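Biologist: I am new to reading protein structures. Could you walk me through one, feature by feature?

Modeller: Gladly, let's open it together.

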Amino acid sequence: DGTSFTEATVTVTINGENDVPVSLVDVARARENGELVLIDIFYNDSDADTGDTLALKMPELVSEQGATLTTVAADRVVLGGTLEAGDTYAATVTISGQATTLTYTVSSDDTEIADVELGLIELINTHQDVSGSLKASSGPANGIILISAKSSDISFSTAVAATDNASGEFADATATVARTTVVAYDPNSVDAFNTMTAGDKVVDG
């Protein structure tokens with residue numbers, strides 16, 4: 001009647017639906033007669049549903065141009081922070097129970113995180129106890145490293161750490177690692193590439 005009322009609680013139950021995963025285009029560059037190129041296909045993909053895991057399904061392990069594709073387990077290392085001389089970034093790789101720590105110390109010549117990325121890649125790819133079993137390469141963005149085994153029978157793991165210069169101005173150095181699945185693209189398996197000359201480019205979609 002406009003003067004009397006009774007409070008009531010209304011409960012609304014929302015039933016979730018299975019959202020479609022979001023998959024974006026990946027771009028990589030390979031060289032004629034070059035090494036395998038690792039493509040981190042899950043880096044820019046996502047699924048909004050909690051608990052869902054992205055998985056790769058490739059009916060044919062061959063590209064449009066006939067390149068051989070293989071799935072490879074890799075550790076994705078992501079580096080970050082404001083660089084200051086004296087900051088350190090370390091990767092500890094364990095191969096068959098033997099751990100090796102490789103540390104890159106930032107110098108005044110390093111101006112961006114890509115410099116640290118390339119420095120750690122060189123350390124991994126030239127170390128006598130590591131380079132025979134593992135390969136490190138640049139990932140899909142600056143500051144990302146992909147570490148993979150050179151053979152499927154090699155078992156390895158990676159741990160990372162970042163330490164700021166204690167007397168520096170910033171305290172934001174970061175390093176994380178996650179195991180993922182990447183696609184290895186073999187440019188040497190494409191006969192058509194053998195006829196290419198300097199400056200030639202082919203898109204293999």
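**Reading the sheet, the helix and the pocket**

Modeller: This is a predicted model. Let's begin with a pair of strands: strand S3 (residues 88-95) and S7 pair in the antiparallel sense, over eight bridges. To see one of these bridges, find Thr88, whose partner in S7 is Thr163.

Biologist: In what order do the strands of this open sheet lie?

Modeller: The order is S4-S3-S7, three strands with antiparallel pairing. Strand S4 (98-105) and strand S7 (156-163) are the edge strands, since each pairs on one side only. From one strand to the next, the twist averages 15 degrees.

Biologist: Which strands does helix H1 lie across?

Modeller: Helix H1 (residues 113-126) lies across S3 and S4, and runs at about 145 degrees to S4.

Biologist: Which residues of H1 are buried?

Modeller: Buried means under 20% relative accessible area. In H1 the buried residues are Ile113, Ala114, Val116, Glu117, Gly119, Leu120, Ile121 and Ile124. Their cover includes strand S2 (68-80), S3, S4, strand S5 (134-138) and strand S6 (144-149).

Biologist: Where does Asn33 lie, and where does Ser96 lie?

Modeller: Asn33 lies in the segment before S1, while Ser96 lies in the loop between S3 and S4.

Biologist: Does Asn33 count as buried or exposed, and what about Ser96?

Modeller: Exposed means over 50% relative accessible area. Asn33 has 56% relative accessibility, so it counts as exposed. Ser96 counts as exposed because its relative accessibility is 70%.

Biologist: Last, the largest pocket. How many residues line it?

Modeller: The lining has 29 residues, and Ala28, Arg29, Ala30, Val202 and Asp204 lie nearest the centre of the pocket. Strand S1 (37-39) and strand S8 (174-186) are the elements that give two or more residues to this lining. The space in the largest pocket is about 880 Å³.

Note on methods
Residues numbered from 1 in each chain as written. Predicted model: local features only at pLDDT ≥ 70, side-chain atom pairs only at ≥ 80, totals over all residues. Heavy atoms only, no water. Pairing = 2+ DSSP bridges. Helix = DSSP H or I, 4+ residues; strand = E, 2+ residues; numbered from the N terminus. Axes fitted to C-alpha atoms, helices over the stretch in contact; angles between N-to-C directions. Contact = heavy atoms within 4.5 Å. Buried < 20%, exposed > 50% of the residue type's maximum accessible area, 1.4 Å probe, protein only. 1 Å grid on protein atoms, 1.4 Å probe; cavity = no way out; pocket = protein on both sides within 12 Å on 5 of 7 lines; lining within 4 Å. Points joined across faces, edges and corners; volume = space filled by probe spheres on them.
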